[in-house]
Amino acid sequence: MEPTVNQFQVNPEDSKEKEAAQIYNIVVFETIGTLLVIYGALATQNNFGLSLVYFISLTLFGRLSGGYFNPICTLIGFIDGAINNKKTMYFIGSQILASLIAGMFFMPLFANSNNLPYYESLPTHQVLGTLMSEIAGSVIFFTFIQIQTAENTKITSTQIQSSAFISIIYFVARQYTATMGNSLFNPAAAFGLQLFYGIYYGRWNQMINLLMFVMGPWIGALLAITFYWKIYTPTLIIKSTN
């Protein structure tokens, strides 16, 4: 007698194929989306233009890859359980790859621009001020990223609403920081563009920017994540129980 086979039983091969397809989407569309955001920053050179490009990237690629485009946003997704360890590595790898490609091919196109992202000509005593403003903008942006990423605190319900909301927060965070026009709150983009700016034009003295534009977002993100888990979420729980 032949054993009865449950037609709804999960086939391990199907699960592997599904995971492979998801990883493919992450590598391809996360790379393209990150490239589009960086290109938007270089090409538009204004806050509204970049925020619009960010909205378009989130709308086009959000459903395909997840639409993180930033290692810090990826880390927040991992902390919230939205993505697992393996996918987190593919996300961050794709974002770093996109940043290196952008630095290699986009930087020469815009090298003579007066308002390049991550380019600063500051005396040493102003570096701390720029770092602090970078932290402040990052706190604003990543606090709302954390709120929007967690299912129990998400403000919007649809993909298009989420894209619009995040883009508006991105605009506001950049608009009201002293480094407006120069920062994407993205440490991978900062590293890729600054690295090839140094390679192509020998401006290695500008590597001080990595201190501001790589450390700043990470410090701001740490403060935002701490605020969310230690203050924001417990306050919501207390209010819901009263």
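Q: Which residue just after H3 takes a positive phi?
A: Gly81 does, with a phi of about 85 degrees. Helices here are DSSP runs (H or I, at least four residues), numbered from the N terminus. The model is predicted, so to speak, by rule: local features need pLDDT of at least 70, side-chain atom pairs count only at pLDDT 80 or more, and totals for chains, interfaces and linings use all residues. Residues are numbered from 1 along each chain as its sequence is written, and side-chain values use heavy atoms, with hydrogens and water left out.

Q: And what reaches the backbone nitrogen of Ile72 at the start of H3?
A: A side-chain oxygen of Asn70 comes to within 2.9 Å of that nitrogen.

Q: Which residues of H3 are buried?
A: Helix H3 covers residues 71-79, and its buried residues are Pro71, Ile72, Cys73, Thr74, Ile76 and Gly77. Buried means under 20% relative accessible area, with a 1.4 Å probe and protein chains only.

Q: Moving to H7, which residues are buried there?
A: The buried residues of H7 include Pro187, Ala188, Gly192, Leu193, Phe196 and Tyr197. At its N-terminal end, a side-chain oxygen of Asn186 lies 3.1 Å from the backbone nitrogen of Ala188. H7 is followed by Gly202, which has a positive phi near 65 degrees.

Q: Why should H7 span 21 Å?
A: H7 has 15 residues (187-201), and at 1.5 Å a residue it should span that distance; its end C-alpha atoms are 21 Å apart, which agrees. The expected span is 1.5 Å times one less than the number of residues.

Q: New topic: how much space lies in the largest pocket?
A: About 730 Å³. Of the 30 residues that line this pocket, the closest to its centre are Gly62, Gly66, Gly67, Tyr68 and Gln159. On a 1 Å grid over the protein atoms alone, a pocket is an open set of points with protein on both sides within 12 Å along at least five of seven lines, a cavity is a set where a 1.4 Å probe fits but cannot get out, and lining residues have an atom within 4 Å of a point.

Q: Which helix gives the largest share of that lining?
A: H2 does, with six residues. H1, H2, H4, H5 and H6 each supply at least two residues.

Q: How many cavities are there of 30 Å³ or more?
A: A search of the whole structure finds three. The largest cavity holds about 70 Å³ of space, and Tyr54, Phe141 and Asn186 are among the residues that line it. A volume is the space filled by probe spheres set on grid points, which are joined across faces, edges and corners.

Key: Buried means under 20% relative accessible area, exposed over 50%, partly exposed in between (1.4 Å probe, protein chains only). A polar contact is a pair of N or O atoms within 3.5 Å; within protein, one must be able to donate a hydrogen and the other to accept it, and residues adjacent in sequence count only if both atoms are side-chain atoms.
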